[in-house]
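Here is a brief report on a predicted model. It covers charged pairs, a sheet and a helix.

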Amino acid sequence: MEECIINSPLGFTKIVGDVDGISSISVLNSEEKITDIIPEILEDCAIQLKEYFSGERKEFSLKLNPQGTDFQKKVWKALAQIPYGKTMSYLELSKQLGDVKAIRAVANANGKNPIWIIVPCHRVIGTDGSLTGYAGGLHRKQWLLNHESPYKQQSLF
């Protein structure tokens with residue numbers, strides 16, 4: 001397994017993967033040393049994340065290899081189908097997966113998503129439109145949703 005740390009607008013970001021694909025991307029809550037030479041197997045991921053943050057990329061084209069249960073992988077696959085700039089409620093996601101009663105299990109699998117941003121768990125919100133739990137912190141979830149919004153907030157000053 002190869003790994004690297006890059007800087008992003010939301011903090012230090014750790015990418016882990018190998019020839020089978022990216023297995024995790026996470027934002028760190030501590031300051032880390034940025035990787036000087038990114039392993040070749042992770043270069044494309046680092047480039048695509050930088051393009052996303054600069055507003056040049058809305059879709060990712062990477063080989064992914066997250067580790068989880070079959071149910072978690074099913075949820076993560078559904079998350080990957082939520083378009084850039086759109087949101088979906090946990091209830092809608094549960095219905096899409098075929099079991100409205102599985103809302104808590106869906107929310108739990110969403111929270112265990114190991115591939116931050118690329119598998120866009122930040123696009124899942126409460127039925128009432130509220131921002132609900134996010135492993136990276138609600139301030140990061142809000143930033144990501146604002147970043148993807150077609151309606152940019154203009155500065156008054």
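## Salt bridges

Asp-36 and Lys-33 join their side chains in a salt bridge, 3.0 Å from N to O. A salt bridge here is a side-chain nitrogen of Lys or Arg within 4 Å of a carboxyl oxygen of Asp or Glu. Asp-36 is exposed, at 67% relative accessibility. Lys-33 is exposed too, at 60%. Exposed means over 50% relative accessible area, buried under 20%, and partly exposed in between (1.4 Å probe, protein chains only).

The structure holds four salt bridges. One of them joins the side chains of Glu-3 and Lys-14, at 3.7 Å from N to O. This pair links distant parts of the chain: Glu-3 sits in strand E1 and Lys-14 in strand E2, 11 residues apart. Glu-3 is partly exposed, with a relative accessible area of 46%. Lys-14 is also partly exposed, at 25%.

## How the model was read

The model is predicted: local features need pLDDT of at least 70, side-chain atom pairs count only at pLDDT 80 or more, and totals for chains, interfaces and linings use all residues. Residues are numbered from 1 along each chain as its sequence is written, and side-chain values use heavy atoms, leaving out hydrogens and water.

## The sheet

Three strands form an open sheet in the order E1-E2-E3, with antiparallel pairing. Strand E1 (2–8) and E3 are the edge strands, each with a single partner, so one side of each has no neighbour in the sheet. Neighbouring strands are turned by 20° against each other on average, direction ignored. Strands are DSSP runs of E, at least two residues; helices are runs of H or I, at least four, and both are numbered from the N terminus.

E1 and strand E2 (residues 11–18) pair antiparallel over seven bridges. Pairing requires that DSSP finds at least two bridges between two strands. Cys-4 stands opposite Ile-15 in E2. H1 packs on the sheet and touches E1, E2 and E3; its direction makes about 145° with that of E2. Contact means heavy atoms within 4.5 Å. Axes are lines fitted to C-alpha atoms, for helices over the stretch in contact, and angles run from 0 to 180 degrees between N-to-C directions.

## Helix H5

Helix H5 (residues 138–148) has buried residues, among them Leu-144, Leu-145 and Glu-148. Seen down the axis of H5, its buried residues fall within an arc of 160°, so they line one face. The arc is taken from the directions from the helix axis to the C-beta atoms. Their cover includes strand E3 (21–27), helix H1 (40–53), helix H3 (90–96) and strand E5 (124–125).

Glu-148 forms a salt bridge with Arg-123, with the closest N and O atoms 2.8 Å apart. Glu-148 lies in helix H5 and Arg-123 in the loop between helix H4 (103–111) and E5, so the pair ties together parts 25 residues apart in sequence. Both Glu-148 and Arg-123 are buried.
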